[in-house]
Amino acid sequence: MSSKLPPFRPLALLHVLLLLSPPTPTSQLGPAAALGVWINGASPSTSSYSSVKSQGVGVGGGGQEYAALQALKAAVVEDPRGALASWQGPNVCAYKGVYCSAPPDDAAAEGVTAVVAGIDLNHANLKGTLPAAVSLLAHLTFLHLNSNRLSGAVPDSLRDLQYLTELDLSNNLFSGSFPEATLLIPSLVYLDLRFNGFSGQLPAEAFAKNLDALFLNNNQFEGQIPETLWSSPATVITLANNGLTGPVPTAYGYGTGGRVREVLFLNNKLTGCVPEALGFLPSIEVLDLSYNSLSGHLPNTLSCLNGIEVLNIAHNQFTGELPDLVCDLKRITNLSVSFNFFSGISQHCDRLAGRSVFDFVGNCIPGRGLQRPQPECDGAPGDAGLSCLRIPGTRPVACGDAAVSVGFGVGVTVGGGLPFGAGGVVTVTVP
């Protein structure tokens, strides 16, 4: 028997599909509004592996991998599609969903002809738990278990999987606090925990891990987002549809942020202002801050987001006139500012008003259709008490080589480039 996994799809081709629908209490959607993220419609894999059909002790490192897979099978109490029906006998490389490869040198020296390199049981609708014995699969490089009904805690023993690069536990019923053992897996680059019931605060270490993608949306996480968010090397970070509170991290003093391309904050309980620093994320393409309680004015530094394609700040409490700089972003294809309290749109924004890329309904713009009733506009939230940094004047200049002065009574200058790899000459003054 021989089969191959789909080849790796680069994260550079990631497409985000947002489906704001009513909560559905199933493992397929999770406890909040639905959000789906696909990478070319498939889960990633590090490379192609062949299932090696062989007999005897040379397969799977002897009986250890057999014992691990039988423990996983025993932890499943319902298998309605018969996904594990073939999991019988010592030839583990013949098991459906199990992928083997040639062993590393140390295992080959012991006479092992093949090792279990991956498990793919996506969409099997398995009900059960994830046993600690899975860590006996010492050469596992990917573990794909999405869209099942696995529950309970994620075992701490996963930290022992030194070769594991991809862990996909999404769309299940796992619960408990953030599984910090996953952050101790040395080779992990892809972590997908979305659509589960994880709760509690996000550990700062989650953004220090050397990941390419971090999917945490549609759980029950709460508390403030760690300030280390922008130190993450991930290209995609999804925090949507949780219960996160407090401000959007400012990014000053943390990491490089030079790789992040897509960040989803939507449908949390975030408050405060859009920080100036967000304007200096050099690679950002998708930024979704919608369905929060953010307020104040938009910072002029957003004009530095030359590569942004999707900017969604809908359903917040922003006020004032929507500035030219937002509507003049060169690559913007989808701009939504709907259901805020903007009182006007500038000339550049007015040119977008008839296009599908620009949604400004539900604001307080005189003479425009589909705006808020006047009593709602009269009661619009003010800026009192906010400490929003706002650059006076028009567009910041020389966004490519920034020197940022940030002060709260005392000026602090960050020269030679922002911590997240931006440049530009921008001065931010806060009395």
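1. Strand 16 (residues 243-246) runs parallel to strand 14 (residues 220-224), and three bridges join the two. Here helices (H or I, at least four residues) and strands (E, at least two) are DSSP runs, numbered from the N terminus, and two strands pair if DSSP finds at least two bridges between them.

2. Before going on, please keep in mind that this is a predicted model, in which local features need pLDDT of at least 70 and side-chain atom pairs count only at pLDDT 80 or more, while totals for chains, interfaces and linings use all residues. Residues are numbered from 1 along each chain as its sequence is written, and side-chain values use heavy atoms, with hydrogens and water left out.

3. Strand 16 also pairs with strand 18 (residues 269-272), again in the parallel sense, over two bridges. In that pairing, Gly-246 faces Leu-270 of strand 18. Strand 16 therefore has parallel pairings with strand 14 and with strand 18, each pairing meeting the requirement of at least two bridges.

4. On to the cysteines: three disulfides turn up in a search of the whole structure, a disulfide being a pair of cysteine sulfur atoms within 2.5 Å. One of them joins Cys-93 to Cys-100, with 2.0 Å between the sulfur atoms. The link is left-handed, at -95° about the S-S bond. Cys-93 has a relative accessible area of 1% and is buried; Cys-100, at 0%, is buried as well. (Buried means under 20% relative accessible area, exposed over 50%, partly exposed in between, with a 1.4 Å probe and protein chains only.)

5. Cys-327 and Cys-349 make another disulfide, with sulfur atoms 1.9 Å apart. The torsion about its S-S bond is about 100°, so this one is right-handed. Distant parts of the chain are linked here: Cys-327 sits in helix 3 (residues 324-327) and Cys-349 in helix 4 (residues 347-352), 22 residues apart. Both cysteines are buried.

6. In the disulfide of Cys-364 and Cys-377, the sulfur atoms are 2.2 Å apart, and the link is left-handed at -95° about the S-S bond. Cys-364 belongs to the loop between strand 25 (358-359) and helix 5 (374-378), and Cys-377 to helix 5, so the bond ties together parts that are 13 residues apart in sequence. Cys-364 counts as buried at 13% relative accessibility, as does Cys-377 at 14%.

7. Asn-171 has a positive phi of about 60° although it is not a glycine, and at 10% relative accessibility it is buried. Asn-172 lies in that loop too and is buried at 2%. The side chain of Asn-172 reaches the backbone nitrogen of Leu-150 at 3.0 Å.

8. His-315 deserves a glance as well: its phi is near 60°, positive in a residue other than glycine. His-315 is in the loop between strand 21 (310-312) and strand 22 (317-322), and with 26% relative accessibility it counts as partly exposed.

Terms used: A polar contact is a pair of N or O atoms within 3.5 Å; within protein, one must be able to donate a hydrogen and the other to accept it, and residues adjacent in sequence count only if both atoms are side-chain atoms.
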